[in-house]
Amino acid sequence: MKLDDDTLEFARRVFQYARTGETAPLAELLAQGLPANLRNERGDSLLMLACYHGHLETARVLLDHGADPELLNDAGQTPLAGAAFKGDAAVVSLLLERGAAVDAAGPNGKTALMIAAMFNRVEMMRQLIEHGADPRAVDAAGIPIREAAAKMGAVEAVDFLNKLLDPR
């Protein structure tokens with residue numbers, strides 16, 4: 001199916017609204033029936049783009065209109081993992097309040113906690129663990145969070161996990 005230029009421009013504009021946090025025009029389109037789980041060519045949902053770019057109110061509006069907080073993109077990432085990677089505590093809180101599974105993972109088995117640890121986001125790790133994230137989880141290759149963080153040189157994350165998992 002070939003889309004005309006106007007349709008393609010409309011689609012680009014919709015995804016740009018999510019990416020840049022233009023909540024009002026996006027909310028208007030959602031109210032008119034725009035699917036909240038619309039995805040781009042990389043499988044990124046509108047919610048993924050809003051969360052990854054830290055647009056709390058845009059994410060809230062999308063969730064209000066039925067956006068799925070568990071929808072994986074083509075890289076196997078959830079919106080929660082995207083927000084954890086960015087270290088956005090407010091967006092992470094919203095997603096968890098709205099039903100995102102704290103230990104959800106795509107085919108690679110990497111949870112939001114593992115992503116936060118790998119990128120040395122200790123405060124994000126604390127927040128996720130407070131919401132029930134499993135610090136003993138392993139990815140699909142059997143690599144524990146602590147080892148994944150160490151491989152990435154995330155010294156503070158490894159120290160945090162050492163104190164949490166091996167208290168003395």
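A search of the whole structure, which is a predicted model, finds 11 salt bridges. A salt bridge here is a side-chain nitrogen of Lys or Arg within 4 Å of a carboxyl oxygen of Asp or Glu. Residues are numbered from 1 along each chain as its sequence is written, and side-chain values use heavy atoms, without hydrogens or water. Local features need pLDDT of at least 70 and side-chain atom pairs count only at pLDDT 80 or more, while totals for chains, interfaces and linings use all residues.

Let me take three of these bridges in turn. Glu-123 and Arg-126 meet through their side chains at 2.5 Å, N to O. They are three residues apart in helix α8, and therefore separated by about one helical turn. Helices are DSSP runs of H or I with at least four residues, strands are runs of E with at least two, and both are numbered from the N terminus. Glu-123 counts as exposed at 58% relative accessibility, whereas Arg-126, at 34%, counts as partly exposed. For these classes, buried means under 20% relative accessible area, exposed means over 50%, and partly exposed lies in between, with a 1.4 Å probe and protein chains only.

A network comes next: salt bridges that share partners join Glu-41, Arg-42 and Asp-44. Within it, the side chains of Asp-44 and Arg-42 meet at 3.9 Å, N to O. Asp-44 is buried, with a relative accessible area of 11%, while Arg-42 is partly exposed at 43%.

Asp-139 is buried at 7%, and Lys-110 is partly exposed at 22%.

I turn to the aromatic residues. The structure holds two aromatic pairs. Rings of Phe, Tyr and Trp (its six-membered ring) pair if their centres lie within 6.5 Å; planes under 30 degrees apart count as stacked, over 60 as edge-to-face, and the rest as tilted. Tyr-52 and Phe-85 are stacked, because their ring centres are 6.0 Å apart and their planes lie at 5 degrees. This pair connects helix α3, which holds Tyr-52, with helix α5, which holds Phe-85, across 33 residues. Phe-85 also pairs edge-to-face with Phe-119, at 4.7 Å centre to centre and 90 degrees between the planes.

Which residues lie nearest the centre of the largest pocket? They are Met-48, Tyr-52, Asn-73, Gln-77 and Gly-82, among 16 lining residues. A pocket is found on a 1 Å grid over the protein atoms alone, as an open set of points where a 1.4 Å probe fits, with protein on both sides within 12 Å along at least five of seven lines; lining residues have an atom within 4 Å of a point. Helices α3 (46-52) and α5 (79-86) each supply at least two residues of this lining.

The second largest pocket is lined by Ala-11, Arg-12, Phe-15, Arg-19, Arg-39, Asn-40, Glu-41 and Arg-42.

Finally, confidence: the mean pLDDT, the predictor's confidence in each residue from 0 to 100, is 95 for the chain. Helix α1 (residues 5-20) has the lowest mean, 91, and helix α4 (residues 56-64) the highest, 98.
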